[in-house]
Amino acid sequence: MKDTLKTVSIIGAGIAGLASSIRLTLLGYEVSVYEANDYPGGKLFDWTQEGYRFDMGPTVFTMPSYLKELFDLAGKDMNDYIEIIQPEIPFHYFFEDGLVLQFHSDLEKLIFEIASKTNDQPEAVRAYLNKAETKFELTKNVFLHNSLNILSNYLTKDALRGMIRIGEVEVFTSMDKSNRSAFTDKRTVDLFNSFASYLGSNPYKAPGVLNVISHFQINGGVYFPVGGMQSILNATYKLACELGVKFHFGQKVDRILVEKKKVCGISIGGVTFPSDLVVSNMDVYFAYKHLMPDQKEPKKVLDHPKSHSVLVFHWGMKKSFPQLALHNMFLSADMSDEYGTIYKNADIGDHFTYYINVSKKINDSDAPAGCENWYVLVNAPNLQGQDWDAMQLKVRKKLLQKMEKALGEDVEQYIQFERIRDPRDHAQQTNIAFGAIYGNSFDQTFSVFHRHPNFSKRIHGLYFCGGTVHPGSGVPLTLLSAKIVSDLIVKKYSQKVGSNGK
Ligand SMILES: Cc1cc2nc3c(=O)[nH]c(=O)nc-3n(C[C@H](O)[C@H](O)[C@H](O)COP(=O)(O)OP(=O)(O)OC[C@H]3O[C@@H](n4cnc5c(N)ncnc54)[C@H](O)[C@@H]3O)c2cc1C
């Protein structure tokens, strides 16, 4: 069996599918990627209208080292494919009482900014960020860089160190409780609680270990791919094509074929495409429900509560707003009510946090002179039969009122055109269950164990990557999922199938 496997089918050309295709091609496999849409990138895509360009999915780019690893592995210089810069002040945080914090990339400047404008001391902020880094160091090898479902991964020196220091990781307290014990000013607490939304989680329920997310953004830094997020996709896709990955667009896979508990390929419209291994980059819920209806489902994983979703307004604005940075977070004054309404009532209430991305601030060609491309995102419940047309209208009205208060003028008059995307659109665009763009929620103490592993425990040769499986959603974690898949395949099947390529 070993060394004779040659072919891999990947279902989905999301960023994790592309990263997996690169890694597996470099291991010597012949890789074919089947994508339902007629373009690569999945949630990562852009849209151009009347001289404005909008990123439509991810906008905050952290941990570029995970991307660089793909180019390093291929012996290429990432800078030949993509230009990545680090803005000096990537974020502005706005509070309803009028406070505005400028998030400097320089840590000492940032600590000074928070400490001089809130009631928290610089030592408290510094200690918090150090603690977030420690959490990352203690958990990365168990929770992020490896499969959680391989016993030997718990027996390494790093894993044991993490277990001995489990108190510091804060698994048994919530993000909010942990943040309240670190800071005295409610606004600082809210600021750090807001990072929960990066994983579609509720800071009042999600375990304190998830405060590690602020480590990604603050200690690790926020970067910008020149040209917009689409440049990440273009660079990765270009590399995959150069390496010989075969892409098949407009091909919706309808079955993962299994014989005697082993995958043997996929099928599309009744036509069989045999392969030795299959990597699914699609939503894991639908992979079981639609592509393997005859196989036993991992019920605990599929039935686990799902993350929340987002409602996004794309507005072409006929004006420039100097108050805004590349990323702007407007925190609600009552986050507890905000999350309570999302999770208990499956609704968006009067209190909500919103985020405005303006890539024009860096990428000048993204909007005409004197204009701006606004990407306005509001946390929203996942699909539970709501009237989304009514929800759009309700939130838009409230949003405009909030913006008028925060920015000092009626912004509606500057909207040249708009496109609104609610969870129904996210669900339809990349075929995701309940429009839950981050997959299973992380809101329970042991939620990490309720994400699907990167391999099938029952079907040999079947692997999973992407934002709905381990270790989580977001561009950095999905890139890590591809790494874990390729590491698992190397471990199980061989060191290398052939010499770089075939
Ligand atoms: C609005 C929004 C904002 C976000 N903001 C951020 C952010 O700021 N920073 C960040 O890091 N992350 C962000 N994310 C999350 C991030 O975009 C995702 O976690 C990541 O892009 C997911 O990549 P993926 O490879 O897992 O899957 P996807 O991008 O979902 O790709 C899966 C692919 O599989 C295809 N597919 C599905 N079913 C089939 C089938 N049967 N046959 C063939 N193909 C199929 C789909 O068409 C899709 O192309 C955001 C997401 C959204 C939607």
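Residues are numbered from 1 along each chain as its sequence is written, and side-chain values use heavy atoms, with hydrogens and water left out. Because the model is predicted, local features need pLDDT of at least 70 and side-chain atom pairs count only at pLDDT 80 or more, while totals for chains, interfaces and linings use all residues.

Start with the charge pairs. Side chains of opposite charge can pair when their charged atoms come close. The structure holds 25 salt bridges. Here a salt bridge means a side-chain nitrogen of Lys or Arg within 4 Å of a carboxyl oxygen of Asp or Glu. One of them joins the side chains of R23 and E69, at 3.1 Å from N to O. R23 sits in helix 1 (residues 15-26) and E69 in helix 2 (residues 64-73), so the pair ties together parts that are 46 residues apart in sequence. Helices are DSSP runs of H or I with at least four residues, strands are runs of E with at least two, and both are numbered from the N terminus. R23 is buried, at 7% relative accessibility. E69 is partly exposed, at 26%. Buried stands for under 20% relative accessible area, exposed for over 50%, and partly exposed for the range in between (1.4 Å probe, protein chains only). The areas themselves come from the Shrake-Rupley method, and for residues only the protein chains shown count as cover.

Next comes the pair of E96 and K402. Their side chains meet in a salt bridge of 3.3 Å, N to O. E96 lies in the loop between strand 7 (91-94) and strand 8 (100-103), and K402 lies in helix 14 (residues 388-407), so this bridge ties together parts that are 306 residues apart in sequence. E96 is partly exposed at 38% relative accessibility, whereas K402 is buried at 14%.

What about a pair within one helix? D190 and K186 form a salt bridge through their side chains, at 2.6 Å from N to O. These two are four residues apart in helix 8 (residues 186-193), so about one helical turn separates them. D190 is buried, with a relative accessible area of 6%. K186 is partly exposed at 46%.

Salt bridges also link up into a network, made of D46, R53, D55 and D366.

Now turn to the surface. K261, K296, K457 and R458 gather there in a patch of positive charge. Patches are built from residues with over 30% relative accessible area and no salt bridge, with like charges joined within 9 Å. Lys and Arg count as positive; His and the chain ends are not counted. The charge is placed at NZ of Lys and CZ of Arg. R458 is partly exposed, at 48% relative accessible area.

S32 sits in strand 2 (residues 30-35). Is S32 buried or exposed? S32 counts as buried, because its relative accessibility is 15%. Beyond neighbours within four places in sequence, S32 is in contact (heavy atoms within 4.5 Å) with V8, S9, I10, K246 and H248.

S320 is in the loop between strand 15 (309-317) and strand 16 (327-330). S320 is partly exposed at 35% relative accessible area. With neighbours within four places in sequence left aside, S320 is in contact with G370, C371 and E372. S320 and E372 are 52 residues apart along the chain, yet 5.8 Å separates their C-alpha atoms.

Definitions and conventions: Patches are made of residues with over 30% relative accessible area and no salt bridge: like charges are joined within 9 Å, nonpolar side chains (Val, Leu, Ile, Met, Phe, Trp, Tyr) within 5 Å. Accessible areas come from the Shrake-Rupley method with a 1.4 Å probe; for residues, only the protein chains shown count as cover.
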